[in-house]
Amino acid sequence: MTGTTIANAPPTARLPLGSLLALFCAAFTAVMTELLPAGLLRGMAGELGVTEGRAGFLVSGYAAASFLAAIPLTAALRGVRRRPLLVGVLLAFAACDAVTAASSSYALTFAARLLAGVTGGVMWAMLVGYAARMTPEERRGRAIAIVSAGITVALCAGIPAGAALAGALGWRAAFWTLAVAAAALAAWVRLRVPDFPGEAAGARLPLRGVATLPGIRTVLAVTVLALLGHQAVYTYLAPLVERARWGEASLALLVFGVATVAGIWVVGAVVDRRPRGTLLAALGAVAAAMLALGTAAPGPAGGPLALAAVAVWGAAFGGVPTLLQTALVRASGPEGADVATSMQTTVYNLGIAAGSFTGGLVLEGAGAAALPWTGLPLAAAALAVAAASRRHAFPARR
């Protein structure tokens, strides 16, 4: 599609792949900006003069800012046209990544991460609604899967590539590269992605009305539980692998990322037909992977089991964002999608912030071996809530 302004473009039978690819890249950029420090903890901690645990709080700070900003800023910006807002968000990402790359101060770096988190809260609140407005209802799940695949590719290729670039040229080079990419993407969106109007004041559903729709709060509860358990372990996967002497941390990150490709591919194929069963299977597999990581023996002998668990974890978790976002849009309807997604962004980042913070405390207190046992009960709780929600949030039949 071209960059021509479209007031209320009716969805077509064909997916607008070019525009969805741009949103995919926006999701990729957001995840890279948020999680890149997780793969660069040692280098960033050394140059900024802090411990690895405090370096991990750069992830927590970003997520906390997104958590606090998503709902109020989305509500304030509901009347703004979508394309100029997305362009502004991408330029803000570019600026924050550039400051991070140039800073030698932990305080300044942390401030840049907070501003980037605010920006990310706005982006995640609008991406799913943007995709939904481009596509017919019967293909909406696949469109969301395409956009959410930006998360998968960031984990699969982006974070390992960033870690490899940091190993060769230093962690600052990784953030400079990300800043340039965000600026280039802003230009692409401006030229090639269609515009949509903001919501007219009289047509907006109130925040409370969206929050009380059947199923919304249950989807949000599963979201925060799943992210809390996941992030408590993933943020510190490198120290976990290194201290357990299972092999190279970069290999574990790569295995996790590659495995997510299979996960997102499967979810994209079945999300519009079997959303409930796929979600339950994914959450069950995450819990099983945590159990395997917790019981794997330290040393090289435990390496194969640990890598297999990381692969299962990556494949299972890769499709979870798409499954949860699709369930949320189905529960809210298109008219409430932006507000509902802002709420999910808030609880999503609550899970990330609390998870990475909790993981840092566990790492520095009980040690890396306790991390999987922190994630296991949370993943099991997410599975139990989803399994019990058969009527509205995760219905057995569409």
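Predicted model: local features only at pLDDT ≥ 70, side-chain atom pairs only at ≥ 80, totals over all residues.
In which sense, left-handed or right-handed, does α1 pass α7 in the crossing? The crossing of α1 past α7 is left-handed.

Let me begin with the helices. Two packed helices are described by the angle between their axes and by the distance between those axes. For helix α1, residues 17-39, and helix α7, residues 171-192, the angle is about 155° and the axes are 10 Å apart. An angle over 145 degrees counts as roughly antiparallel, and α1 and α7 are therefore roughly antiparallel to each other. On the α1 side, the residues in contact include Gly-18, Leu-21, Cys-25, Thr-29, Met-32 and Leu-36. On the α7 side, they include Phe-175, Leu-178, Leu-185, Trp-188 and Arg-192. Sorted by class, the contact of α1 with α7 comprises 14 nonpolar, 4 polar and 1 charged residues.

Helix α1 also packs against α3, at an angle of about 150° and with the axes 7 Å apart. That angle makes α1 roughly antiparallel to α3. Here α1 contributes Ala-30, Thr-33, Glu-34, Leu-35, Pro-37 and Ala-38, while α3 contributes Val-59, Tyr-62 and Ala-63. By class, the residues of the α1 contact with α3 are 7 nonpolar, 1 polar and 1 charged. Thr-33 and Pro-37 are listed in the contact with α7 and again in the contact with α3.

How is α2 oriented relative to α3? Helix α2, residues 41-48, and helix α3, residues 52-76, pack at about 105°, with their axes 8 Å apart. This places α2 roughly perpendicular to α3. Leu-41, Arg-42, Met-44, Ala-45 and Leu-48 of α2 meet Glu-52, Ala-55, Gly-56 and Leu-58 of α3. This contact of α2 with α3 has 6 nonpolar, 1 polar and 2 charged residues.

I turn now to the aromatic rings. The count comes to 7 aromatic pairs. In one of them, Trp-171 and Phe-175 have ring centres 6.0 Å apart and planes at 85°, so the pair is edge-to-face. Trp-171 and Phe-175 are 4 residues apart in helix α7, a separation of about one helical turn. Both Trp-171 and Phe-175 are buried, and Phe-175 is also among the α7 residues that meet α1.

A further pair, Tyr-234 with Phe-256, is tilted, with 5.0 Å from centre to centre and 40° between the planes. The two residues are 22 apart and link distant parts of the chain, with Tyr-234 in helix α9, residues 216-234, and Phe-256 in helix α11, residues 249-270. Tyr-234 counts as buried at 2% relative accessibility, and Phe-256 is buried at a relative accessible area of 0%. Ring pairs join Tyr-234, Phe-256 and Trp-313 into a cluster.

Finally, I remain with helix α9, where Val-222 is found. Is Val-222 buried or exposed? With a relative accessible area of 0%, Val-222 is buried. Leaving aside residues up to four places away in sequence, Val-222 touches Leu-283, Leu-324, Ala-382, Val-385, Ala-386 and Phe-394. Leu-91, by contrast, lies 131 residues from Val-222 in sequence and 32 Å from Val-222 in space, C-alpha to C-alpha.

Conventions. Residues numbered from 1 in each chain as written. Heavy atoms only, no water. Axes fitted to C-alpha atoms, helices over the stretch in contact; angles between N-to-C directions. Parallel < 35°, antiparallel > 145°, perpendicular 65-115°, else oblique. Left-handed = near helix turned anticlockwise from the far one by under 90°. Contact = heavy atoms within 4.5 Å. Nonpolar A, V, L, I, M, F, W, Y, C, P; charged D, E, K, R; others polar. Phe/Tyr/Trp six-rings, centres within 6.5 Å; stacked < 30°, edge-to-face > 60°. Buried < 20%, exposed > 50% of the residue type's maximum accessible area, 1.4 Å probe, protein only.
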